[in-house]
Amino acid sequence: MQKLLESLVEKHRPAAREGKVAEYIPELAKQDSRMLGVAVVNPKGDVHAAGAYRTRFTLQSISKLISLMVALMDHGEERVFAKVGMEPTGDPFHSLYKLEITEEAKPLNPMINAGAIVVSSLIRGKSVEERAERVIQLVREMADNPEIDMNRAVYRSERDTADRNRALAYFLKGCGAIDDVEETLDVYFRQCSICVDCIDLARMGLCLAQNGVTLRGKRVIPGDIARLVKTFMVTCGMYNASGEFAIRVGIPAKSGVSGGILALVPGRMGIGVFGPALDKKGNSITGIRLLEDFSKKLGLSIF
Ligand code: DON
């Protein structure tokens, strides 16, 4: 396994040339596009990792999985899915388009920005800080790493430049889907800035692979919620590239614009990948190729 991961990193790193780091958040534009790292953790706790697996990066959209789980634990399925749907969109992650043409302003799913902003509005807590802290705490528990925290420079950078998300949030407020724009966005930006490495991601993946039970055997997510979130990973986890990813790679995965991908094989392993050069749809270009190769070599597709 160790040799395989090292050879995959070497083989796929050059493809970073074909992608670009996210530039719309100034702090993310500073990332080195040539990096590629991967970590794999199995239920026995064996860790195999290669490349830039110790480099820290922010969760970005991977946090949409975690906030969804917190909102589901706070309110239950019925209340959450009254406000956000369960269908893939086929549109880019920050698109406003479908919101305008659907009858009620109900975002199609919680993995696009509009849906994730509605989900962030549902997270309980006395203050914005407390609400975001509850998301961070679940990340710490899933990864068995109490040191995980926000990257404040990335948080501020996104908060100060998020015109497109503000447009989405004001639209949602205008339709009665959320109450307070700045408070809701503040929770969302904070969760996006949670900082991890590939091993943290792989442990989080393993927790989902074990239906909500961590490497150390602690249940931190109810089994039905873990299952539901894994289904979203398959149908919407890679945005409007989710169908192709399901065919080529065939495992639940969720990407973020920092270049992270959290992936898993049910019951068998958690996988964390980091490669900040993105393709046109906002997914890690090297990360996807590495995962495709890895899945084919080991026959990991769940289909
Ligand atoms: O909302 C944003 O723009 C980011 N904080 C998160 C988006 C993201 O990661 C999309 N991923 N591919």
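**Close-up views of a predicted model**

**View 1. Gln-60 sits in the loop between strand S3 (57-58) and helix H3 (63-75).** Welcome to the first stop in this predicted model. Gln-60 has a phi near 50°, a positive value in a residue that is not glycine. Is Gln-60 buried or exposed? With a relative accessible area of 2%, Gln-60 is buried, because that value falls under the 20% cut-off.

**View 2. Asp-144 lies in the loop between helix H7 (128-143) and strand S4 (149-150).** Here is another residue other than glycine with a positive phi, about 55° for Asp-144. Its relative accessible area is 23%, so Asp-144 counts as partly exposed.

**View 3. Helix H1 (residues 2-12) has a buried side and an opposite face with exposed residues.** Which residues of H1 are buried? They are Leu-4, Leu-5, Leu-8, Val-9 and His-12. These residues lie on the same side of H1 because they cover an arc of only 135° around the axis. If you look for what covers them, you will find strand S1 (37-41), strand S2 (47-51) and helix H14 (285-298) included. On the face turned away from the buried side, H1 carries the exposed residues Lys-3, Glu-10 and Lys-11.

**View 4. The largest pocket holds about 370 Å³ of space.** It is lined by 18 residues. Which of them are closest to the centre of this pocket? Leu-278, Asp-279, Lys-280, Lys-281 and Gly-282 are. For those who like to think in residue classes, the lining of the largest pocket has eight nonpolar, four polar and six charged residues.

**View 5. The second largest pocket holds about 160 Å³ of space.** Its lining is made up of Ala-241, Glu-244, Phe-245, Arg-248, Asp-279, Lys-281, Ile-288, Arg-289 and Glu-292. Which helices each supply at least two residues of this lining? Helix H13 (242-248) and H14 do. How many charged residues does the lining of the second largest pocket have? There are six charged residues, along with three nonpolar and no polar ones.

How values were computed. Residues are numbered from 1 along each chain as its sequence is written. This is a predicted model: local features need pLDDT of at least 70, side-chain atom pairs count only at pLDDT 80 or more; totals for chains, interfaces and linings use all residues. Side-chain values use heavy atoms; hydrogens and water are left out. Helices (H or I, at least four residues) and strands (E, at least two) are DSSP runs, numbered from the N terminus. Buried means under 20% relative accessible area, exposed over 50%, partly exposed in between (1.4 Å probe, protein chains only). The arc is that of the directions from the helix axis to the C-beta atoms. Contact means heavy atoms within 4.5 Å. On a 1 Å grid over the protein atoms alone, a cavity is a set of points where a 1.4 Å probe fits but cannot get out, and a pocket is an open set with protein on both sides within 12 Å along at least five of seven lines; lining residues have an atom within 4 Å of a point. Grid points are joined across faces, edges and corners, and a volume is the space filled by probe spheres set on the points. Ala, Val, Leu, Ile, Met, Phe, Trp, Tyr, Cys and Pro count as nonpolar, Asp, Glu, Lys and Arg as charged, and the others, Gly among them, as polar.
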